[in-house]
Amino acid sequence: MSVEFNHTIVLSRDREKSAHFLAGILGLEVGEPAGMFLPVTTANGVTLDFATVDIDIPMQHYAFLVSEDEFDQVLARLLAAEIPIQADPHSRHPRRINLNDGGRGVYFLDPAGHGLEVITRPYGSDPDSPLNGVTEEVMRAVGG
């Protein structure tokens with residue numbers, strides 16, 4: 001049997017704001033509303049269905065695999081929007097990206113407080129890389 005991840009619901013205080021934020025940073029489109037959901041679909045067909053809720057929203061983590069060129073574009077959008085970035089999920093390395101597995105990665109928060117991550121290499125793809133654990137300062141980055 002072939003199993004593929006198809007969609008998930010992303011809780012937010014304002015589905016419009018959160019969906020447009022993610023789509024804008026990643027260079028994606030916001031789809032047409034479907035009932036209470038506002039979809040953003042990735043290149044591999046996975047849909048994030050944003051929903052507005054009036055409850056405490058637990059932080060979730062969403063990671064996106066992109067090409068090197070796409071990473072440059074995402075990072076440029078984050079910097080232009082003055083969104084604080086960090087190289088790790090624990091905010092120990094603000095204003096930096098990581099070079100794990102010989103690629104690049106960056107963490108940031110969305111308007112609902114969810115932790116977003118953009119990486120160019122899947123975790124564990126090069127466990128012997130001398131760049132694992134190395135971070136790099138990003139000029140013009142905002143504090144984290």
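Student: Is serine 12 buried or exposed?

Tutor: The relative accessible area of serine 12 is 0%. This is a predicted model, numbered from 1 along each chain as its sequence is written, in which local features need pLDDT of at least 70, side-chain atom pairs count only at pLDDT 80 or more, and totals for chains, interfaces and linings use all residues. Under 20% relative accessible area means buried, over 50% exposed and in between partly exposed (1.4 Å probe, protein chains only), so serine 12 is buried.

Student: In which strand is serine 12 found, and which residues does it touch?

Tutor: Helices (H or I, at least four residues) and strands (E, at least two) are DSSP runs numbered from the N terminus, and serine 12 is found in strand S1, residues 7–12. A contact means heavy atoms within 4.5 Å. Not counting residues up to four places away in sequence, serine 12 touches Ser18, Ala51, Thr52, Val53, Ile57 and Ala112.

Student: Which residue is the bridge partner of phenylalanine 37 in S3?

Tutor: Two strands pair if DSSP finds at least two bridges between them. Strand S2 (residues 37–41) and strand S3 (residues 47–52) are joined by 5 bridges and run antiparallel. The partner of phenylalanine 37 in S3 is alanine 51.

Student: Which residue in the hairpin of S2 and S3 takes a positive phi?

Tutor: This hairpin has 5 residues between the strands. The phi in question is near 85°, and the residue is glycine 45.

Student: How many residues of strand S7 are buried?

Tutor: In a regular strand the side chains alternate between the two faces of the sheet. Both faces of S7 are covered, with Gly115, Glu117 and Ile119 on one side and Leu116 and Val118 on the other. For this strand, residues 115–119, the number of buried residues is 5 of 5.

Student: Which residue of S7 stands opposite leucine 109?

Tutor: S7 has 5 bridges to strand S4 (residues 61–65), which runs parallel to it, and there alanine 63 stands opposite glutamate 117. S7 also has 5 bridges to strand S6 (residues 105–109), and these two strands run antiparallel. Opposite leucine 109 stands glycine 115.

Student: Where does glutamate 82 lie, and what is its relative accessibility?

Tutor: Glutamate 82 has a positive phi near 55° although it is not glycine. It lies in the loop between helix H2 (68–80) and strand S5 (96–98). Glutamate 82 counts as exposed because its relative accessibility is 58%.

Student: What is the volume of the largest pocket?

Tutor: On a 1 Å grid over the protein atoms alone, a pocket is an open set of points with protein on both sides within 12 Å along at least five of seven lines, a cavity is a set where a 1.4 Å probe fits but cannot get out, and lining residues have an atom within 4 Å of a point. Grid points are joined across faces, edges and corners, and a volume is the space filled by probe spheres set on the points. The largest pocket has a volume of about 500 Å³.

Student: Which residues are the closest to the centre of the largest pocket?

Tutor: The elements that give two or more residues to its lining are S4 and H2. Of the 19 residues in the lining of the largest pocket, the closest to its centre are Thr42, Ala43, Asn44, Phe64 and Leu65.

Student: How many residues lining the largest cavity are charged?

Tutor: The largest cavity, with a volume of about 40 Å³, is lined by Val10, Leu22, Leu48, Phe50, Tyr62, Phe64, Asp110 and Leu116. Ala, Val, Leu, Ile, Met, Phe, Trp, Tyr, Cys and Pro count as nonpolar, Asp, Glu, Lys and Arg as charged, and the others, Gly among them, as polar. The lining has 7 nonpolar residues and no polar ones, and its number of charged residues is 1.

Student: How far apart in sequence are the parts tied together by arginine 13 and aspartate 56?

Tutor: A salt bridge is a side-chain nitrogen of Lys or Arg within 4 Å of a carboxyl oxygen of Asp or Glu, and in this pair the closest N and O atoms are 4.0 Å apart. Arginine 13 lies in the loop between S1 and helix H1 (15–26), and aspartate 56 in the loop between S3 and S4. The pair therefore ties together parts whose separation in sequence is 43 residues.

Student: What is the N to O distance in the salt bridge of arginine 104 and aspartate 72?

Tutor: Arginine 104 is buried at 17% relative accessible area, while aspartate 72 is partly exposed at 38%. Their side chains meet in a salt bridge with an N to O distance of 2.7 Å.

Methods. Heavy atoms only, no water.
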